[in-house]
Amino acid sequence: MAAQSQYEELARQLSAIGAVKREMGRILPQDCPPASAGVLTLLDRHGEMRMSQLAELLAIDMSVTSRHVAHVAERGWIERKPDPADKRSRLLRLTPSGTELLAELSARYTETLARYLDDWTDTDVGHLIELLARLRTSFGDCRTRAHHDSLTRTPAG
């Protein structure tokens, strides 16, 4: 087990990752904020889905999800169509222009990472990927844990 001071330093480093995320967000097109890119990425990864499933994957409220979906739909990056199994629900799916945008975003992200990490070896990059994946695995599905914790938490007092 790591020493307390190592965990404290890790906490500081993870907090500072916000600056890296903000810098990566700056490469996005003006009309595609990070939340919109997240919606598109999830639809690409998981395929067609209902808004409720998207909200769960994003781990955000349905009203916030609805605003994100409206933003990307207005730009023609996704389409909303009636769910044949439940006409009251809508299914969300990427459009060809949404797929094109994701390809552009992927190229921008890759180019930016290559530029910032140009003095890293392939081994260094591989270790970072491995360690970040391991960190995510150690935390598991935070959405499920947060929901469970909110159900089991007792009021103070």
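Modeller: Buried means under 20% relative accessible area, exposed over 50%, and partly exposed in between, with a 1.4 Å probe and protein chains only. This is a predicted model, in which local features need pLDDT of at least 70 and side-chain atom pairs count only at pLDDT 80 or more, while totals for chains, interfaces and linings use all residues. Residues are numbered from 1 along each chain as its sequence is written, and side-chain values use heavy atoms, with hydrogens and water left out.

Biologist: What is a salt bridge, and how many does the structure hold?

Modeller: Side chains of opposite charge can pair when their charged atoms come close. The term requires a side-chain nitrogen of Lys or Arg within 4 Å of a carboxyl oxygen of Asp or Glu. The structure holds nine salt bridges.

Biologist: Which residue forms a salt bridge with E74, and is E74 buried or exposed?

Modeller: The partner of E74 is R75, with the closest N and O atoms 3.5 Å apart. E74 counts as exposed because its relative accessibility is 64%, whereas R75, at 33%, is partly exposed.

Biologist: Which parts does the pair of E48 and R93 tie together?

Modeller: These two side chains meet in a salt bridge at 2.7 Å, N to O. E48 lies in the loop between α2 (34–46) and β1 (49–50), and R93 in strand β3 (residues 86–94), so the pair links parts 45 residues apart in sequence. Helices (H or I, at least four residues) and strands (E, at least two) are DSSP runs, numbered from the N terminus. E48 is partly exposed at 37% relative accessibility, and R93 is partly exposed at 30%.
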